[in-house]
Every structure is written in C-alpha cells, then in structure tokens.
Amino acid sequence: MEPVKISYDARGLAEPDAQAPGTATISHGPGGATAVFDAAELSIAVGILARCRITINGSLGYFGCGLIDGPEIQVKGRVGWSVAENMMSGVVVIDKNAGSLTGAALRGGDLVVRGDVGARSGIDQKGGTIIVGGNAGTMTGFMLQRGRQIICGNVGGGLGDSMYDGTIYVGGKITSLGVDCVEAGLTPDDDEFLARKLRIYGIEPPGPFRKFVCGRKLWNYDNLEPAERKLVL
Amino acid sequence: MCGIAGIIHRTGPGDIGSEMTRMLQSMKHRGPDSSGFALFGPPTDLFVMRVKLADPNEVRDVGWAERLERHRNEVEHRLAKIGAMVDVLHGDQDYAFRVTFRYSGDLKPLADYIEDVPGCEVLSLGHSLEIIKDLSDAQSVAERYHLAGFTGTHAIGHVRMATESDVDISGAHPYWAYPFSDIAVVHNGQLTNYHMWRRRLERKGHRFQSECDSEIIAVYLAQKMDDGLSLETAMKQSLDDLDGVFTYLVVTADALGMAKDEMAAKPLVLYESPELVALASEEIAIRAVLGREIDTYDPYEREVLVWNR
C-alpha cells in the first residue's frame, strides 16, 4: 500500500477566532502518514477517497473521518460525535471513547471503537461493521438498515429501535429492546464472524453474545402497503 | 444548536473569567447570537446584583442616555428605600451595571421593586454569582465586561443560536433562578412541557424574565431546593418532570451539576481530575483550557452528576 500525500492545516478549522492551540503536524513514512492534532478540532480526515494509512496522534472533534472511501485510519485518542459518518470502505480504529452517532449512515468498512460510545451508534447504518469494545448508550442501532454491530459491553435502552434489517450482537447487559427489535438464535456463521472480527482487532470476547434482528412487524413491512399505494397512484 | 460549558476548580480559585471565555469562544460556531457567563467569585457578606436597563440593539433615540441615567439613579434610590446599603455601583455599559450592597431582607420584594423600574431586569443576585450576558461572541462580551481578570471557583457559560425567541439579552443564557440567591442554569435543547411548568411556577408566585423555555429549569430547581430537596435529588426529579430533549448545567454557591434527558439527544463531553472538572458541548472547548491530550467521555442518558468546589 503506497502512502499518499496529504496536507492539513487544522489551525482554526473549527473557529477562525479560536484561541485553542490547534496545530497539525504531518509526517510521511513507509507506514503511511502520521498526523498530530492536539485540540480536538472538527471535521478532520474527511472525504479521503484513496487507499492509504493515516495515524492520528491525538483526539478529534465532531465529524472526524467522515465520507471516506478506502483509507485505514487509527486515532490514538478520543473522537467526538458522528465519527466515520457515511464511511464507504476502509478501516477506522479509535483507541479510546467515541461520542454519539458513531458510524451514522455507515455504508461499508470496519469502524472499531476500543472504548465506550455514546447514544444512537450506527443510526441509519446501511452496511459495514461497527465494533465497540466497551459500552454503548441509548438507541444503539436506531433505524439500522443493513450491516452489523458488535457491542462487547452493556447497551442502553431502546436497542435496535425501528431497525429495518441488519444484526446487532451484544456481549453485556441490555437495558431494554426498542420497537420491533427481537432476539434471534446465534448460528455457527455468527460465531465464526464474531470470533474473526474480534481476533482481527485484538479485542477480547466478553463471553457469550446475544443476537438481535428486526421483528418485521412495523407498518413498513405491511403487505397491504403496495396495494394501497397502487390505489392512490 | 447552542453550546454550553462548565468548569469547577476543586482545590481553590482559578481564572474562571478567561477560562470560560476561551471555552465559549471555541464553540462560537454553535451559536453566534449571544454569549453569557455565570461566574462565582469569592463569596462575601455583600450581595452582588447584575442589572440591565435596556438591550444594546434598541433604537438609541435622543433621550436614550438621559433615560438610562435616570433609571439607574432610580434603582439606587429604590435600593436605599427598601433598606439596602449600597457599597459600589459600577456601570460596565450604559445599559448594564453591577452593584454591591448590604441587605438583610427577602430577595423577592427587592428584585420585584427593582424590576418595576421601566426596562430594568435583574440578571443575577447573590453573594457570589454574577451573570454577564450580551449580544455577540464570547470574546467580545468578555472584553466589554472586563472578565479577563475574574477569579473564582466555578462557572457555566452559553453561546446561543436563537431558535425560539428573540436575539436579545433576555433570551440569552445563563438564567438566574429568580428570586433565589446564587443559582443559575444553562441549557441546550427544547422543553415541550414548558407552558405547563411556567403556569405551575407562576401560580407559586414566580415571574419569568423571558419567553425562553430554559428559564423554567433554573426556577424549577431552585423551588425544589427551597422545598428541602438536595440539588442532586432535584435534578433527578427534573428528568421525569421536564419533557423534551435537554442537557443542562446548573451552578449553586458551592456546586456544579449536569443532567441529560433519557434520549441523550444533546451533547456533553466531560473531563474530570482531582483538581478540575470541565464539561462542554464539544471537547474542543475543554482543550481550549487544557492544552494537552486528555481522557474524556460522554455522560449517558438520564445521567445526573454533581461536583462540589
């Protein structure tokens, strides 16, 4: 994999008048690019549409690593809300905690958070895999459409609320299930998938996982709906 | 959107004026309409009152300056009449001033009497709480009110993007919990049962300075504490009583607290150490004070936390 040339000047990205000591230092080497951010700036490493490796020494603010297609990014710190939003492919690994809306509308690739995540992780997720080493907040997998989530710790209330499809695996305690989220039995394929993903990212399995899918009882699965629509049209 | 921030020094006073300015200024993108500070300086026997006489964006007609001067004198006259002994009266702006005084009576009649002066609004009243709020960004407000040298133990602040009420000082946060001494709130979110709680609290004799739903939280909490509840218990009750999406911060004379609604719909990032607790809508605000790599986390839904100075 060839390192690509990237250039950042993060100073004042979030706020031109800010006195926050925002700096970015980029260095390139055989392992790819290493960037240092020291003020949790917003919208860093967004829209990278190439295969490359980027290591970020520090923490990111909102919208980090969004709209990317291909890169492997490691953040050796924490990230704010909406990390890897609309990510299409590649790998993003967060070594510490992440805020809410982690992997919102994720389309592909692996998004790994070794710490805890906030509320509504994978809201409207359309593909890919979100792996959380710690706990997750309320409404995890809200309106999940496709893809998988692996939560090794506990999850808050309303798990998988209004999910259309996809699968959520939980290793810890569950406060409550959301509307139309039901428990399903783990298959050998599930076991193999979980073991492989956790092994790749060096995350210790917490114990037996439980699997949750869509119950398909909401109005959008109603067989009458297309007929009614025909009448209207 | 709005941005909120709080800081409390656990081992002694700090430069809370400049710290809160940096925190709020780093979140200017969350709300450019107005900025506000609730700062707790060293407590004294004196009361300190912050008052506004007009809004800075009012039309300055021919009689503006003379009228404000007359109203300021009337406030001073009324303080004396109700039994308060004025120590120092200092005008930061022609439309806003700070006054310290000795007083041993009830605060409500005093505040009501002062606010009976045309255009007059008591922004804060207490032994150490000072609320400074005005239009524009935090840096501008801090320079206008000379907050750089303000030292104290804890503070909260707010940058506002006006969505539900006017861009004026009355709509700016923080809100003092009229008429209770040394309690203030900043809030990010919307309360959907605002009118119900406003009617309930008005029936108890409270009045509200604004049409902003956030003001309810301050008065609600202060009333609960006046009824005998601890700050933490009052905040936990608020999670059931207040409907909507909210994250709010509250300060009293010796504590800073945070509460998140059951949907955790509004952000808050928290940093905690033995010396300092700092929390804000975005981590960039905390980094503006602590310019180094730190460990932070997002409090979860229905979480209530209180720290004492």
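Colleague: At what angle do helix H6 of chain B and helix H7 (residues 231-241) of chain B pack?

Modeller: This is a predicted model, in which local features need pLDDT of at least 70, side-chain atom pairs count only at pLDDT 80 or more, and totals for chains, interfaces and linings use all residues. Residues are numbered from 1 along each chain as its sequence is written, while chains are lettered from A and ligands numbered from 1 in the order in which they are written. Helices (H or I, at least four residues) and strands (E, at least two) are DSSP runs numbered from the N terminus; axes are lines fitted to C-alpha atoms, for helices over the stretch in contact, with angles from 0 to 180 degrees between N-to-C directions. The axes of H6(B) and H7(B) are 9 Å apart, and their packing angle is about 130 degrees.

Colleague: Which term describes the orientation of H6(B) to H7(B)?

Modeller: Angles under 35 degrees count as roughly parallel, over 145 as roughly antiparallel, 65 to 115 as roughly perpendicular and the rest as oblique. The angle of about 130 degrees therefore makes H6(B), relative to H7(B), oblique.

Colleague: Is the crossing of H6(B) and H7(B) left-handed or right-handed?

Modeller: A crossing is left-handed if the near helix is turned anticlockwise from the far one by less than a right angle, and right-handed if clockwise. For H6(B) and H7(B), the crossing is right-handed.

Colleague: How many nonpolar residues does the contact of H6(B) with H7(B) have?

Modeller: Residues are in contact if their C-beta atoms, placed from the backbone, lie within 7 Å. Ile217(B), Tyr220(B), Leu221(B), Lys224(B) and Met225(B) of H6(B) meet residues of H7(B) that include Leu231(B), Ala234(B) and Met235(B). Ala, Val, Leu, Ile, Met, Phe, Trp, Tyr, Cys and Pro count as nonpolar, Asp, Glu, Lys and Arg as charged, and the others, Gly among them, as polar. The contact has 2 polar residues and 1 charged residue, and the nonpolar ones number 7.

Colleague: What is the handedness of the crossing of H5(B) and H6(B)?

Modeller: The axes of H5(B) (residues 194-203) and H6(B) (residues 214-226) come within 10 Å and cross at roughly 45 degrees. These two helices are therefore oblique to each other. Their crossing is left-handed.

Colleague: Which residues in H6(B) meet those in H5(B)?

Modeller: By class, this contact has 6 nonpolar, 1 polar and 1 charged residues. H5(B) contributes Tyr194(B), Trp197(B), Arg198(B) and Leu201(B), and these meet Ile216(B), Val219(B), Tyr220(B) and Gln223(B).

Colleague: What radius of gyration does chain B have?

Modeller: Chain B has 8 helices and 15 strands, and its C-alpha atoms fill a box of roughly 50 × 40 × 35 Å along the principal axes. The radius of gyration is taken over C-alpha atoms, and the globule rule is 2.2 Å times the number of residues to the power 0.38. A compact globule of 309 residues would have a value near 19 Å, which agrees with that of chain B, 18 Å.

Colleague: Which proline does a cis peptide bond join to His173(B)?

Modeller: Omega of this bond is about -5 degrees. The proline is found in the loop between strand E8 (154-160) and strand E9 (175-176) of chain B. The residue is Pro174(B).

Methods:
Two residues are in contact if their C-beta atoms, placed from the backbone, lie within 7 Å.
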